[in-house]
Amino acid sequence: MILLGSFILATTLYHIHFQNHLVEGGFIGIALILKNLFGISPSISTILMDIPIILAAAKLLGMRMVVNTFIGAASFSVFYSLMENYSPFTIDLTNYLWAAAILGGVLAGIGLGLILRFGGATGGDDIISILLSKYTKLTIGQVFFVFDAVIIALSLYYLTWTEVAFTILAIAICSKVMDYMYYSSEEKETEATVVSLPKTKQQQHVAS
């Protein structure tokens with residue numbers, strides 16, 4: 001499921017965001033800026049940014065999370081590189097940026113939601129968001145939105161205000177979809193745990 005989420009995310013960011021001049025937040029947003037400025041592929045820049053954060057957070061996250069994050073980050077890099085070099089498809093929605101924003105936001109949210117729901121992350125920015133959400137009252141989606149807003153501000157020098165506005169819409173939709181997928185799974189697990197708990201003697205007496 002982490003691989004599937006990475007594939008959906010890479011497809012969305014290349015075929016919808018990049019091809020229609022929408023940016024993304026976090027490390028991927030930084031990677032897209034580097035792509036537009038210097039032609040550096042996001043498949044390379046994301047890995048270079050992710051590895052130090054993943055290693056630094058290893059003790060806090062645990063080995064399972066670290067392994068799953070490496071899988072998510074590496075698979076995203078591979079999928080994006082394959083699409084960038086071999087995909088024959090172009091999805092031109094530059095005249096319908098509202099459609100690109102909605103479609104891109106929903107698909108990116110699904111991809112990220114799958115990765116997070118099954119214990120992984122796409123890289124260092126996801127890890128930072130997860131840790132911040134644990135120690136603040138913000139949800140992961142809200143942390144993503146704030147983090148992304150900073151990257152969007154940096155993108156103003158090469159994007160039009162229209163593209164920035166639709167990028168904000170895409171990120172807002174993405175954060176909502178991601179929160180829905182991630183936190184709905186947590187609620188289901190909590191409900192299942194409560195249902196499976198054995199009744200106390202007092203509860204059994206009241207029930208009888």
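Colleague: At what angle do helix α2 and helix α3 pack?
Modeller: About 140°, with their axes 9 Å apart. Axes are lines fitted to C-alpha atoms, for helices over the stretch in contact, and angles run from 0 to 180 degrees between N-to-C directions. Helix α2 is residues 26-38 and helix α3 is residues 42-56.

Modeller: One caution: this is a predicted model, where local features need pLDDT of at least 70, side-chain atom pairs count only at pLDDT 80 or more, and totals for chains, interfaces and linings use all residues. Residues are numbered from 1 along each chain as its sequence is written, and side-chain values use heavy atoms, leaving out hydrogens and water.

Colleague: What are α2 and α3 to each other, then?
Modeller: Oblique. Angles under 35 degrees count as roughly parallel, over 145 as roughly antiparallel, 65 to 115 as roughly perpendicular and the rest as oblique.

Colleague: Which residues of α3 does α2 meet?
Modeller: Pro42, Ser45, Thr46, Met49, Asp50 and Ile53. Phe27 and Lys35 are among the α2 residues there. Contact means heavy atoms within 4.5 Å. The residues of this contact divide into nine nonpolar, two polar and two charged. Ala, Val, Leu, Ile, Met, Phe, Trp, Tyr, Cys and Pro count as nonpolar, Asp, Glu, Lys and Arg as charged, and the others, Gly among them, as polar.

Colleague: New pair. How far apart are the axes of α1 and α6?
Modeller: They are 7 Å apart, at an angle of about 160°. That makes α1 roughly antiparallel to α6. By class, their contact has 13 nonpolar, six polar and no charged residues.

Colleague: Zooming out, how many helices and strands are in the chain?
Modeller: There are 10 helices and zero strands. Helices (H or I, at least four residues) and strands (E, at least two) are DSSP runs, numbered from the N terminus.

Colleague: What share of the chain is buried?
Modeller: Buried residues make up 47% of the 208 residues. Buried means under 20% relative accessible area, exposed over 50%, partly exposed in between (1.4 Å probe, protein chains only).

Colleague: Which residues touch the most other members of the largest nonpolar core?
Modeller: Leu9, Phe76, Tyr80, Ile127 and Ile140, out of 26 residues. Such a core is a set of buried Ala, Val, Leu, Ile, Met, Phe, Trp, Tyr and Cys residues joined through side-chain atoms within 4.5 Å. The largest share of this core, five residues, comes from α5.
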